[in-house]
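The following note sets out comments on the structure shown here.

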Amino acid sequence: MRLGGRLAAAIEILEDMERRHRPAADALKDWGLSHRFAGAGDRAAIGNIVYDALRRRRSAGWLLGADTPRAVAFGGMILGSGRSAQKINAALDGDRFAPEPLSSDELAAASRDLADAPEAVRADVPDWCVPMLEQAFGHDWVEEAKGLAARPPLDLRANTLLASRDKVIGELPGASATAIAPQGIRIPPIEGDGRHPNVQVEPAFQKGWFEIQDEGSQIAAGLTGAAPGMQVLDLCAGAGGKTLALAATMDNRGQIFAHDSEKARLAPIFDRLKRAECRNVQVIANPAGLADLEGRMDLVLIDAPCTGSGTWRRRPDAKWRLTERQLDVRIGEQRSILDNAARYVKPGGAIAYVTCSVFPRENQDQVAAFLDRHPDFSTVDHAAIWTGMFPAHPDKARTGEHGIVLTPLRSGTDGFFFASMRRAG
């Protein structure tokens with residue numbers, strides 16, 4: 001397929017998403033199934049156009065003077081690929097599968113300087129999110145938000161139970177060590193029409209040498225302080241990403257109990273544990289099975305359900321589907337999970353609270369409210385934890401009384417929040 005056909009397909013997919021209110025991944029999959037003539041390279045290029053348009057939807061629409069699928073597809077291509085509007089038009093010439101070229105009015109609009117756009121447009125965020133981003137980042141909020149609208153890398157974690165990081169890097173062309181996480185491996189963001197390699201078909205993956213995990217998630221798992229011999233409850237284990245990271249950190253010694261309130265989310269964990277040769281994990285699907293753990297845990301990890309605002313560069317469509325009501329629901333769930341977690345922590349033990357959100361209402365505000373409700377808990381010195389674990393990177397995270405914040409702009413990771421609260425001994 002030529003550029004015109006790819007651009008037309010991306011517009012069709014964006015129209016389908018708008019009409020049927022469905023996630024990008026579902027719309028892309030359906031398009032691929034109904035257009036089997038499109039090769040893997042074409043599908044990857046079309047996906048890049050769609051995701052670039054979604055990441056930069058407001059600025060792309062502003063550039064073209066409209067918020068239509070056509071406008072954001074063209075605008076996203078201009079912003080994401082570095083091609084000028086005139087070059088894109090020239091590439092469409094003579095392509096019978098191409099959409100209608102940009103009109104003279106659209107070409108004039110596309111020549112505008114994005115620096116003249118309103119802040120929320122340059123940040124590519126919904127207006128209602130602006131106050132929370134301002135609260136989180138102060139005068140840096142626009143640049144921080146722009147970091148959440150960039151193409152992401154592909155991050156992996158070397159499973160030290162079976163292989164060293166250097167050994168894994170040697171198996172993966174284009175991979176290198178991450179800047180902060182000690183077992184992290186990074187494949188850079190996609191350039192142009194390219195795509196990330198399917199690392200799950202690699203023999204090294206099949207042998208359990210590595211897992212796909214964002215560097216920020218790896219860092220959060222490390223900050224928990226899990227150590228060999230500990231008794232740990234991963235209360236919102238999901239598919240087990242952090243459970244596996246903790247098992248490796250603990251060198252398969254001690255015990256990890258993995259639970260999730262939704263059994264379906266736990267389903268992938270069994271194959272992952274087997275492949276990674278994690279032998280100190282018990283999966284507890286039934287909530288009744290947690291009763292014997294009350295008051296016994298050295299560490300309770302809460303990888304809390306959240307808005308996912310820290311993952312917008314990977315799931316940009318979620319940014320535009322998110323509502324204030326959904327945020328309120330998540331906040332209620334987080335409060336309930338935190339209160340429930342307290343019962344499992346032994347005297348002197350700790351809760352590690354993690355979200356992939358950058359909104360203070362889900363993060364620092366939740367920690368402060370929990371401490372008010374549970375005076376037998378107190379926060380640790382988060383700045384000391386960060387500098388003690390990552391002395392070479394003192395400025396890569398925002399640290400405060402109630403937690404640590406990671407972002408694409410500052411730490412080069414997805415957006416994550418971490419807080420530790422210790423029970424009085």
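1. Accessible areas come from the Shrake-Rupley method with a 1.4 Å probe. On that basis the chain exposes about 18200 Å², and carbon and sulfur atoms supply 49% of this area. The coordinates are those of a predicted model, and every value below should be read accordingly.

2. Overall dimensions. The chain has 425 residues and a radius of gyration of 23 Å, which agrees with the value near 22 Å that a compact globule of this length would have. The C-alpha trace spans about 75 × 45 × 40 Å along its principal axes. In secondary structure, the chain holds 21 helices and 13 strands.

3. Of the 425 residues, 54% are buried. Among contacts with a separation of 6 or more, 71% join residues 24 or more positions apart.

4. Helix α9. Which residues of α9 are buried? In this helix, residues 130–137, they are V130, M132, L133 and F137. Viewed down the axis of α9, these buried residues fall within an arc of 160 degrees, so they line one face of the helix.

5. Partners of α9. After α9 comes G138, with a positive phi near 60 degrees.

6. D124 is located in the loop between α8 and α9. Its phi is near 55 degrees, a positive value in a residue other than glycine. Is D124 buried or exposed? Its relative accessibility is 0%, so D124 counts as buried.

7. Helix α14. This helix, residues 241–249, is mostly covered, with seven of its nine residues buried. The buried residues are K242, T243, L244, A245, L246, A247 and A248. Just after α14, D251 adopts a positive phi of about 55 degrees.

8. D16 and H21. D16 belongs to helix α1 (residues 3–20). Its relative accessible area is 10%; because the cut-off for a buried residue is under 20%, D16 is classed as buried. Apart from neighbours within four places in sequence, D16 is in contact with H21, R22 and A27. H21 itself lies in the loop between α1 and α2 (24–34). With a relative accessible area of 70%, H21 is exposed, and its phi, near 50 degrees, is a positive value in a residue other than glycine. As a distance check, the C-alpha atoms of D16 and D214 are separated by 30 Å, these residues being 198 apart along the chain.

9. I180. This residue is placed in the loop between β2 (176–177) and β3 (184–187). I180 is buried, at a relative accessible area of 7%. What does I180 contact beyond its neighbours within four places in sequence? Its contacts are E215, I219, W386, F390, H393, K396 and S411. I180 and G425 are 245 residues apart in sequence, and their C-alpha atoms are 32 Å apart in space.

Definitions and conventions
Residues numbered from 1 in each chain as written. Predicted model: local features only at pLDDT ≥ 70, side-chain atom pairs only at ≥ 80, totals over all residues. Heavy atoms only, no water. Buried < 20%, exposed > 50% of the residue type's maximum accessible area, 1.4 Å probe, protein only. Helix = DSSP H or I, 4+ residues; strand = E, 2+ residues; numbered from the N terminus. Arc of directions from axis to C-beta. Rg over C-alpha atoms; globule rule 2.2 N^0.38 Å. Contact = heavy atoms within 4.5 Å.
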